[in-house]
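Hi,

Here is the structure I promised to pass on.

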Amino acid sequence: MMFRTGLIPPPALTVGAVSFTVFAWASAFVSIRSAGAAYSPGALALGRLLAASLVLGVLLLVRRQGLPPREAWRGILVSGVVWFCGYTIALNWGERLVDAGTASLLVNTGPILMALLAARLLGEALPPRLLAGMAVSFVGAVVVGLSMSSGEGGSTSVLGVVLCLLAAVAYATGVIAQKPALSYGTPLQITAYSCLTGTVVCLPFTGQLLAELPRAPLSATLNMVYLGVVPTALAFTTWTYALARMPAGRLGATTYAVPAIVVLLSWALLGEVPAWLTLLGGVLCLAGVAVSRYGPRTPRTPSRGGRLRTGRT
């Protein structure tokens with residue numbers, strides 16, 4: 001992670017990293033909705049990634065971590081272009097065309113795609129308990145999405161649906177690309193250089209950002225900076241930390257907790273009292289995550305040289 005401690009066991013650190021990531025990504029939906037009212041999708045993506053790159057650059061200097069090995073760059077470049085840039089722009093754009101419930105429902109196809117890609121490309125297993133948990137969580141995401149959808153006018157933007165589905169594909173693809181890279185670089189290196197790659201790809205939106213920045217309200221700009229610092233710089237680092245220590249499919253299933261947490265955050269912070277159907281969907285999301293995370297404990301086997309397979313720090 002970004003620090004070392006002998007007081008907290010590695011499994012607890014992994015759980016903490018996953019929990020922080022899920023809560024931070026849940027909060028991002030609220031911030032995107034706020035900042036997206038003042039910034040266009042490309043400008044918001046660039047501003048978010050610039051803030052994240054600044055924080056990650058400082059962390060690289062503090063941790064004295066230079067360039068990752070050459071073997072890690074393929075995953076870094078794919079993740080940076082597809083996930084950090086492509087996913088961010090597609091989601092920003094999609095949320096302007098469909099309601100939040102529909103967007104969250106479509107994006108939550110990502111963990112399913114991730115598990116299938118991990119099984120096909122990385123050789124990860126698809127245990128029945130994982131599949132069952134993902135099925136329960138997906139049903140919960142459907143319930144949350146339908147209950148939060150406005151349904152006004154009876155029409156949904158086809159372009160918005162396509163963009164949210166593209167965001168889900170980009171999310172799954174980026175994670176699968178990151179996984180092998182973590183065998184060569186640290187979580188901080190992989191996150192930082194993926195973010196820098198995404199920032200460079202988003203540079204064509206510099207003109208839009210400079211034009212919209214003076215007109216945007218302070219709250220929107222602060223939300224954009226928050227998106228860069230917490231859900232991107234910090235949460236993506238804790239995500240890659242956990243990804244180095246867990247199968248991609250199993251880790252992806254934990255993100256089904258995001259819709260439930262969004263409902264709770266909206267209730268606590270915005271005073272938006274959820275309907276009983278929304279609460280039911282949230283409970284199903286959390287129940288599915290619990291099922292997918294539960295499994296028989298297996299002893300960790302030592303690798304060559306007697307070291308445990310725990311991933312890099």
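Predicted model: local features only at pLDDT ≥ 70, side-chain atom pairs only at ≥ 80, totals over all residues.

Residues are numbered from 1 along each chain as its sequence is written, and side-chain values use heavy atoms, with hydrogens and water left out.

Back to isoleucine 89, which sits in helix H3 (residues 73-97). Apart from neighbours within four places in sequence, isoleucine 89 is in contact with Pro41, Gly42, Ala45, Cys202 and Phe205 (contact means heavy atoms within 4.5 Å). Cysteine 202 is 113 residues away from isoleucine 89 in sequence, yet their C-alpha atoms are 9.0 Å apart.

As for the whole chain, it has 13 helices and zero strands (DSSP runs numbered from the N terminus: helices are H or I with at least four residues, strands are E with at least two). Of its 313 residues, 50% are buried. Among contacts between residues at least 6 apart in sequence, 89% join residues at least 24 apart.

Now two helix pairs that share H10 (residues 218-243). The axes of H7 (residues 158-181) and H10 come within 10 Å and cross at roughly 55 degrees (axes are lines fitted to C-alpha atoms over the stretch in contact, with angles from 0 to 180 degrees between N-to-C directions). H7 and H10 are therefore oblique to each other (under 35 degrees is roughly parallel, over 145 roughly antiparallel, 65 to 115 roughly perpendicular, and the rest oblique). Their contact is made by Tyr171, Val175, Gln178 and Lys179 of H7 with Trp239, Thr240 and Leu243 of H10.

H8 (residues 187-201) is the other partner: its axis and that of H10 come within 8 Å and cross at roughly 135 degrees. That makes H8 and H10 oblique to each other too. On the H8 side the contact is made by Pro187, Leu188, Thr191 and Cys195, and on the H10 side by Thr232, Ala233, Phe236, Thr237, Thr240 and Tyr241.

Cheers

Terms used
Buried < 20%, exposed > 50% of the residue type's maximum accessible area, 1.4 Å probe, protein only.
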